[in-house]
Amino acid sequence: MKALREGLLAGRRALITGGGTGLGKAMGRRFMELGADLVICGRREAVLAQTAAEFEAAFGRAVQCVACDVRDPARVAALMETAFALRPVDILVNNAAANFIARSETLSHRALDAVLGISLHGAAYCTLEAGRRWIAAGTPAVVISLVTSYAWHGSPYVLPSSTAKAGLLTMTRSLAAEWGRHGIRLLAIAPGAFPTEGAWQRLVPREDLARVHETRNALGRPGRPEEVAELAAFLASDAAGYMTGECITIDGGRAVRNAGTFGFLDGLSDEEWNSLRPARGPADA
């Protein structure tokens, strides 16, 4: 369901890292639908070009593609020079990320660095490079960073990602406090289970586990990419102009559902629940 008015992002220019696939692509599509111009970056030029061609055919506007490995600060600086040259960007979405599952005691320093380099350092490089330009020009802007709920409660088997996302969330809050006086807002989105081909190949080794992962939430279903895209578009717009420093969770109630101590009782049948009634005292009835 699309709730935002047409033209909400007209005149805006957005840069989305990892914008060629998955949630990045979904956000780019919605931003263009709402009138924004788009810059997408990623490591695979062919993927970027395919997405750009698709969007240009659909919306009749050019999409700027820049191949960039955000782990390299020099390449990030060059990305920003290119992205700002035509017309300044005023929306940055830190979407590029890396993740894989592993028992933490088996991790090498290279494995740790591979995830931190993209998910945390890359996002920080992009944010600081863009922020310097906005502050120098006196330009209001918005940064939206994709995190996850295990940024605050942790998770087994994804230690590099949980560490990176926690850092990214703290960066969001710290810069929101520091840069608010410049008219720069920083926000985070914490998606739950949004199946994408690339992520699921790395993170969910069996189909039965995928079904559990996708439905283990209060609503009992996986998320749809357009739901994250709609939220991101709202946060980037002036309609959310009094919001900064916040993280909005969109996970179907996964975090609150699985935090419940007695959630395991879902496994009881109606007959078992009915058999418990006589055991209740007056205060429990």
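Predicted model: local features only at pLDDT ≥ 70, side-chain atom pairs only at ≥ 80, totals over all residues.

Residues are numbered from 1 along each chain as its sequence is written, and side-chain values use heavy atoms, with hydrogens and water left out.

A nonpolar core is here a set of buried Ala, Val, Leu, Ile, Met, Phe, Trp, Tyr and Cys residues joined through side-chain atoms within 4.5 Å, where buried means under 20% relative accessible area with a 1.4 Å probe, protein chains only. The largest such core holds 40 residues, of which Leu79, Met80, Leu92 and Trp134 touch the most other members. A second, separate core of 34 residues includes Leu9, Phe31, Leu231 and Ala240.

Threonine 127 belongs to helix 4 (residues 109–137). Its side chain reaches the backbone oxygen of alanine 123 at 2.8 Å. Contact means heavy atoms within 4.5 Å, and, leaving aside neighbours within four places in sequence, the contacts of threonine 127 include Leu92, Val143 and Trp179. Leucine 92 in turn touches, among others beyond four places in sequence, Met80, Cys126, Thr127 and Trp134.

The structure holds two aromatic pairs, a pair being rings of Phe, Tyr and Trp (its six-membered ring) with centres within 6.5 Å; planes under 30 degrees apart count as stacked, over 60 as edge-to-face and the rest as tilted. In one of them, phenylalanine 84 and tryptophan 134 have ring centres 6.5 Å apart and planes at 50 degrees, so the pair is tilted. The pair links helix 3 (residues 73–86), which holds phenylalanine 84, with tryptophan 134 in helix 4, 50 residues apart. Arginine 133 lies over the face of phenylalanine 84, at 5.8 Å from the ring centre.

The count of disulfides, defined as pairs of cysteine sulfur atoms within 2.5 Å, comes to zero. The sulfur of cysteine 126 is 5.9 Å from the closest cysteine sulfur, in cysteine 41, too far for a bond.

| Residue | Relative accessibility |
|---|---|
| Phenylalanine 84 | 14% |
| Cysteine 126 | 0% |
| Threonine 127 | 0% |
| Tryptophan 134 | 1% |
| Cysteine 247 | 16% |

Methods:
Helix = DSSP H or I, 4+ residues; strand = E, 2+ residues; numbered from the N terminus. Buried < 20%, exposed > 50% of the residue type's maximum accessible area, 1.4 Å probe, protein only. Polar contact = N/O pair within 3.5 Å; in protein donor to acceptor, adjacent residues only side chain to side chain. Lys NZ or Arg CZ within 6 Å of the ring centre and 35° of its normal.
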